[in-house]
Each structure stands twice: as structure tokens, then as C-alpha cells.
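Hello,

Here is the structure I promised to hand over. Please have a look at it first, then read my notes below.

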Amino acid sequence: MNAAVTTELKLIGHWIGGQPIQGGSGRRGPVYNPATGEQTGEVDFATPEEVDRAVAVAREAYREWRRWSLSKRQDLFFRIYNLFDERREDLATLLTAEHGKVFSDALGEVQRGLEVIEYVCGIPELLKGDYSEQAATGIDVYSIRQPLGVVAGITPFNFPAMVPMWMWAPALACGNTFVLKPSEKDPSASILTAELLKEAGVPDGVFNVVQGDKVAVDAILEHPGIAAISFVGSTPIARYVYETGTKNGKRVQALGGAKNHMIVLPDADIEMAADAAVSAGYGSAGERCMAVSVLVAVGDVADPLVEAIKQRLPKVKVGDGFDPSSEMGPLVTREHRDKVASYLESGPAQGATLVADGRETAPEGNGFFLGVSLLDHVTPEMDCYRDEIFGPVLSVVRVKTYEEALRLVNENPYGNGVALFTRDGGVARQFQFDVEVGMVGINVPIPVPVAYYSFGGWKQSLFGDRHIYGPEGIDFYTRTKAVTSRWPDPATSTVDLGFPQTR
Ligand code: NAD
């Protein structure tokens, strides 16, 4: 399959009230094909007035949408699932074209998003409340879950279809209406999502898209008509969104950046660990918030592990994501590629050993490519350890003991994902008890929870108290109402119950 050759720039606008809307701000951002370096499109940047319009339409749609019965909403979600399932290749094509990830990986992204839609097809079960009969004499107490109103999602460039699905699927299933502000770097998937939702039968105004940058985000954060905000992106922006959103009285969950460690103990299966490190470190060019960034080699495992990884690196084929033989695509922008490559300068300057230099193996041309890169003898003071690199650079930190490895992870300001490779079940169990990270893999390098658990890190990887999708996603998008009820004593009723009533 080949990316379309672009002769004129594609214009990507907003989606408000069930219609595509061209932006009126006159401000736009470029969209690239990262594999060629060519600009392929332009995306509108919304004004606060355009955000306001989207919120007004979503508020109007909410009046009807929240009244839909559970079974009607469930039927609709089955249709949504089937349509996205049928059109998964179309969505994946947009992801490869604008993000650059290889097509098989793009299909994988859509699949993981579909699993969240599948989960919320069970919305009648998920919204069940509690009931306590005879809490006091003649009094029953029960709780019901109700939607919040208009909720917004602000999403990052690295999963332009899946991360929005983490948000809109549970939000809509719970009866909210939605305003999405996607990443300006790869905005087209959001518009196809809107078209598919309309085609499946989602009423106009229930799902809206405003494209844009900080101006649109700030308008969302300050808008009195928005009840809750889900954010996924880098830690500084996550903190800003959390602080500003909550100051404006909103419920906010803001997932931030990551620095994921993979600890390899001396008893681990080296071949298995090396395979895992390569796929988890370089998959999607390292642009995953659950990518392994630091390999912590404990004791004498370091030399054979680094050797096993080094052997595998020349086999990782880097190229255009539409070429079926490519295993790793380009980075998202030229600036990001250059930033990632800068760690191949600063690392060795600060004392690390450059085992594999991706600048030398990047494909020719103007694409935003960087080959797979490996830094050994990295220490916690170095920039390549401290910063979230978010690219195809793996750092190896050598430690002597398990305790030292654990301390390293627990002292890291991020706490998104972590993996432990060992054959010892007792040690693995102790690790899951001790480690201060939200998602833990035991011999699993990328422990993204399945859709019926929730996704989220600890520490600076999450601001807020609810993880995303799964049961915590349902909690986030609903508020409970507790009802205390008393009916007149049946003894006073005109209905003859046929036997004496006692209370
Ligand atoms: P980003 O923080 O730059 O952007 C995220 C969103 O915030 C985008 O929609 C963007 O338009 C907006 N934004 C950017 N700058 C802003 C500003 N100054 N004010 C207001 N809004 C702003 O993140 P990114 O580069 O698109 O994505 C990569 C980051 O996302 C990485 O740090 C990665 O770890 C993180 N991420 C985290 C998770 C997770 O689940 N924890 C998942 C995916 C990505």
C-alpha cells in the first residue's frame, strides 16, 4: 500500500453539530508525511468562539442524549463497534500517513481502541447502582449513576485514534456529550471518527471536534459549560491542564509523560528479555508512553544482555510505514527527531557508551527518520536518563542488586509503566508489592491493561485520582446520586394486601 501522492494541501477543519466546519481564525498548523518530510495538509486552529460554539451544540444535544434508554445506547454502541471494525484499515491509513507508525502498528492501535468500545457495549451492566432495602424502618437507600454533561478530551500525537477512543467511548456510553481537541500534528483521524459516529447513528452534537493549539485548550479549560476534562500528553502540560481545569471547578484526569524501566534480573531468560527490550524500546519509534526507555541490568546479566540486543539491532528494518517490510517508521516531526538525536551527543559527552548510533543507520531522504540507538553505562545524573526522550533510544543502567534497581524506579519522578524479567515467582510477587508505578509487567514489557481494567500511572505520570477507561473511566464520567426513600405505611394504603403489615 502506498501513501497518496499529495499535490495540494489537505485542509483539516473542525466537526461541530454533525457537520465539518472550516475554521475562521485564519490560524493554521502544518501536517506532514513524516516518512517523506513533505507537508501534506493544514489544520485549522480554533478560536475561543469556535470552542464556545462546539460546547453550546454539545449542551443542546445533551438534553436529549441523556434520556436515551440504556438498551438504545447499547444497540448504538454495537453498531459503532461494527462500523469501526469494518473501517479499521481506513483509520490505520490516516495514522500511518500523518503519524508515521508502520501500518501493522497502526492497525494494532485501532484494535486496542476497539477493545474499549467493546467494553462499553456492556454499559447497562456498568451503570448499575446499589440498593439497600430497609436501611431504617420503611426506608430504602439506593444510588444511581448519572452523566456529567459536556465533557472534553485533549489528546497527544502518538495515538491519534486510540487515546480519543479511551475517552469518547466511555463518556458517550455514560450519557455525556463530547468535545475533542486532538493533537494538531495528526488531526485527520478525529474527523474520520466523527464521520463514522454519525454514520453509526450518533445524533448530531453528541460528538464534536475542535482542532487547535493552546488557544483552544485554554478556551476548554476556562469554559463554564464543560464539566470534566480528560487529558493525555506530556507532564508539564498535564500539570497545567489539571491545575487550570480544577481551578475552574472541573473534574480533571490528566495523564502525563513517562520514563519506563525494564529490570532484568540475573536469572532471566536473556533471549526473551532481549526480544522484549527491542520490541518495547523501538516499536512505534519509541513514541509510546509505555515504551521501555531504560533497561536496568542487574549483576552479571548486563554484558550478555547488551550483546543480545546489539545482535538484534541491524535486523530492525526502518522505513516508510506503508512499506510492509518496515518494522519502525519515522518520528513525528523534524524538530522531535533532532531533539531525540541530541541525546546521542549529550549521552556520550556525559560518560555513556554509544553502542548503536541511529543517525548512521537512518534511511536516506527528507523523512524524519532516526535508526535504533543504544546507550550503555548510563547513570541517573545524565540527561538521557532524566528526560523523557520519546524516541528510539534505549539506555542501559547497570546496577549490582535488585534493591538498587527497585530504588532507581521508585525514586524516578515518573511512574507510568515498569517491567521485571525473572524466572522467580516469589521475587516477582515482592516486586509488584514494592514498586511505586501504576502499571507493572512481569515478563511483559508493555503492560497496557486490557479494556476491563483501567490505564494510568502514578506520580508525575498522572494528575487526578481516576485512571482512564475500564471501571475507573466509568467512575470518571458519572456522578452518583444517593436516594433515600420512604413510602407511606402500607397499613394506611387503600390496597388490601391480604395480610397484616408490620414495620
Ligand atoms: P503534548 O503535551 O505536547 O500535547 C498534548 C496535547 O496538549 C495536544 O493536544 C496539544 O495540542 C496540547 N498542548 C501542547 N502544548 C500546550 C500548551 N502549552 N498549552 C495547552 N495545550 C497544549 O504531548 P505530545 O507531544 O502530543 O505527546 C507526547 C507526550 O504524551 C509524551 O510525553 C507521552 O509520554 C505522553 N503520553 C502519555 C500517555 C499516558 O497515558 N500517560 C499516553 C500517550 C502519550
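**What I found**

Lys459 is found in strand β21 (residues 458-459). Strands here are DSSP runs of E with at least two residues, helices are runs of H or I with at least four residues, and both are numbered from the N terminus. Phi of Lys459 is near 55 degrees, a positive value in a residue other than glycine. At 29% relative accessibility, Lys459 counts as partly exposed. The cut-offs are these: buried means under 20% relative accessible area, exposed means over 50%, and partly exposed lies in between (1.4 Å probe, protein chains only).

A word on the source. This is a predicted model, in which local features need pLDDT of at least 70 and side-chain atom pairs count only at pLDDT 80 or more, while totals for chains, interfaces and linings use all residues. Residues are numbered from 1 along each chain as its sequence is written, and side-chain values use heavy atoms, with hydrogens and water left out.

**Another positive phi**

Ala285 is not a glycine either, yet has a positive phi of about 55 degrees. Ala285 sits in the loop between α10 (270-282) and β14 (292-298). Its relative accessibility is 0%, so Ala285 counts as buried.

**The chain as a whole**

The protein chain has 17 helices and 23 strands. Its radius of gyration is 25 Å, close to the 23 Å that the globule rule gives for 503 residues, so the chain is as compact as a globular protein of that length. That radius is taken over C-alpha atoms, and the rule is 2.2 Å times the number of residues to the power 0.38. The C-alpha trace spans about 90 × 60 × 40 Å along its principal axes.

Buried residues make up 56% of the 503 residues. Take the contacts (heavy atoms within 4.5 Å) with a separation of 6 or more: 71% of them are between residues 24 or more positions apart.

The charged side chains number 47 positive and 65 negative, and the centres of the two sets lie 5 Å apart. Lys and Arg count as positive, Asp and Glu as negative; His and the chain ends are not counted. The place of a charge is NZ of Lys, CZ of Arg, CG of Asp or CD of Glu.

**His261**

His261 is in strand β13 (residues 260-264). The residue is buried, with a relative accessible area of 2%. Its side chain has a polar contact of 2.6 Å with the side chain of Tyr385. A polar contact is a pair of N or O atoms within 3.5 Å; within protein, one must be able to donate a hydrogen and the other to accept it, and residues adjacent in sequence count only if both atoms are side-chain atoms. A polar atom of the His261 side chain also lies 3.1 Å from the backbone oxygen of Lys259. Not counting residues up to four places away in sequence, His261 touches several others, including Val294, Leu408 and Asn412.

Gln146 belongs to strand β7 (residues 139-147). Is Gln146 buried or exposed? Buried, with a relative accessible area of 19%. The side chains of Gln146 and Lys481 are joined by a polar contact of 2.9 Å. Beyond four places in sequence, Gln146 touches Arg66, Tyr477, Thr478, Arg479 and Lys481.

Arg28 is in strand β4 (residues 28-33). Arg28 is partly exposed, with a relative accessible area of 38%. Its side chain makes a polar contact with the side chain of Glu42 (3.5 Å). Another joins the side chains of Arg28 and Asp44 (3.0 Å).

Ser183 lies in the loop between β9 (177-181) and α7 (188-200). Ser183 is buried, with a relative accessible area of 6%. Its side chain reaches the backbone nitrogen of Lys185 at 3.1 Å. Leaving aside neighbours within four places in sequence, Ser183 is in contact with Thr155, Pro156 and Phe157.

Helix α8 covers residues 214-222, and its buried residues are Ala216, Val217, Asp218, Ala219, Ile220 and Leu221. These pack against α1 (48-65), β8 (150-154), β9, β11 (228-232) and α9 (235-247).

Best wishes
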